[in-house]
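This report describes a metal site and the strands and helix around it. The sequence and the model are shown first.

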Amino acid sequence: MIDVLLAGAGGAALGALATGVYYPNSRLFGRAIGWGPRGGGGLYLTFDDGPNPDATEAILDTLAAEQVPAAFFMVGEHVRRFPATARRVAQAGHEIGNHTQHHVKLHTLGPARIRDELERAHATIAETTGRSPRTFRAPHGYRNPFVASAVRRLGYTVFGWSFGVWDSDRPPSEEIRRRVRSKLAPGAIVLLHDGDGYDPAGDRRLTAEALPGIIRDARAAGWEFRSLAELVA
Ligand SMILES: [Zn+2]
C-alpha cells in the first residue's frame with residue numbers, strides 16, 4: 001500500500017511520506033512521542049519484543065533491586081507463550097505497551113490486518129496480565145495512515161524512541177552499556193530489547209547483563225529514571 005502512495009507522490013511529498021513511514025517519531029501518521037521533557041534530568045527505559053523468560057526475569061530483578069521504573073512493549077504471541085513472565089511485569093507496576101500480536105512490519109499492511117494485529121495483542125495482554133495497555137510502539141517504528149486509526153480506536157498513546165543501541169545484534173554487554181552511556185541526553189526514551197520479535201526463544205541475556213551497569217552509569221552522571229506513564233496522554 002505504501003508503494004502505491006510513494007509511486008503516486010513526487011519529490012518533497014515522497015520524502016515526507018518516507019519519513020512518516022520509517023521515522024519512529026514522525027507526526028505524519030499521528031503523534032509519536034520520542035522524547036520526554038528536555039528540561040530536566042529524566043530518562044525513560046523501554047524494553048521491546050518480550051516477554052522472554054531468560055532476559056525479562058533478569059531485567060525485572062535488576063529493576064526491582066534498583067527501584068527503577070520501565071516500560072515493556074510486548075508481542076502478543078510471546079505473552080501467550082510466557083504468561084507468567086508477562087504477569088510478573090504487570091505485578092511489578094511497570095508500564096505495559098502493545099507491540100502487535102506477531103511483530104509484523106505494519107507499513108505495507110491494509111486497515112483490516114493492522115486493526116487485527118493491534119486488537120488481538122490488546123486482548124491477549126489484557127486477558128493475561130489483567131492490565132489493558134494504554135500505549136503502542138510499532139515494530140521498527142514503521143507506520144502508515146491505517147495505524148493511526150487503529151491506535152485511535154484503542155485510545156493509545158504512541159511512542160517512538162530517542163535512541164537505540166543495536167542491542168538486538170548482541171554485542172558484548174559492556175559494549176551495550178558503553179553505547180547507552182555515550183548517548184544519554186535530557187528526556188531520552190531509551191530503546192532496549194528484552195526479547196526477539198521474530199523468535200520467542202531469542203537470546204537477549206546480554207541486554208539483561210548490561211542493565212546494572214547502565215543504571216549505575218546514568219545515576220553516577222546525575223540522571224534520574226522516570227516512568228513512561230508520566231508521558232501517557
Ligand atoms: Zn520490536
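Two strands are said to pair if DSSP finds at least two bridges between them. In this predicted model, the bridge partner of Gly-97 in S4 is Thr-135. Two bridges join S3 to strand S4 (residues 135-136), and these strands run parallel. The chain passes from S3 through H6 to S4, a β-α-β crossover that is right-handed.

S3 also pairs with strand S2 (residues 71-74): four bridges join these strands, which run parallel as well. Within this pairing, Ala-71 stands opposite Glu-95 in S3. In a regular strand the side chains alternate between the two faces of the sheet. In S3, Glu-95 and Gly-97 point one way, whereas Ile-96 and Asn-98 point the other way, and all of these residues are buried.

**The zinc site**

Which residues donate to the zinc ion? The protein donors are Asp-49 through OD, His-99 through NE2 and His-103 through NE2, lying 2.1 Å from the ion.

Leaving out residues up to four places away in sequence, His-103 touches Asp-49, Val-75, Glu-117, Pro-139, His-140, Gly-197 and Tyr-198.

**Burial of selected residues**

| Residue | Relative accessible area | Class |
|---|---|---|
| Asp-49 | 5% | buried |
| Ile-114 | 0% | buried |

Buried means under 20% relative accessible area.

**Ile-114 in helix H6**

Ile-114 lies in helix H6, the helix through which the chain crosses from S3 to S4. With a relative accessible area of 0%, Ile-114 is buried. Which residues does Ile-114 contact, leaving aside its neighbours within four places in sequence? The contacts are Leu-106, Leu-109, Asn-144, Phe-146, Val-147 and Ala-150. Ala-90 is 24 residues from Ile-114 in sequence, and the two are 25 Å apart in space, C-alpha to C-alpha.

Definitions and conventions:
Residues numbered from 1 in each chain as written. Predicted model: local features only at pLDDT ≥ 70, side-chain atom pairs only at ≥ 80, totals over all residues. Heavy atoms only, no water. Donors = N, O, S within 2.8 Å, 3.2 Å for Na, K, Ca; no water. Buried < 20%, exposed > 50% of the residue type's maximum accessible area, 1.4 Å probe, protein only. Contact = heavy atoms within 4.5 Å. Right-handed = clockwise from strand over helix to strand, strands pointing away.
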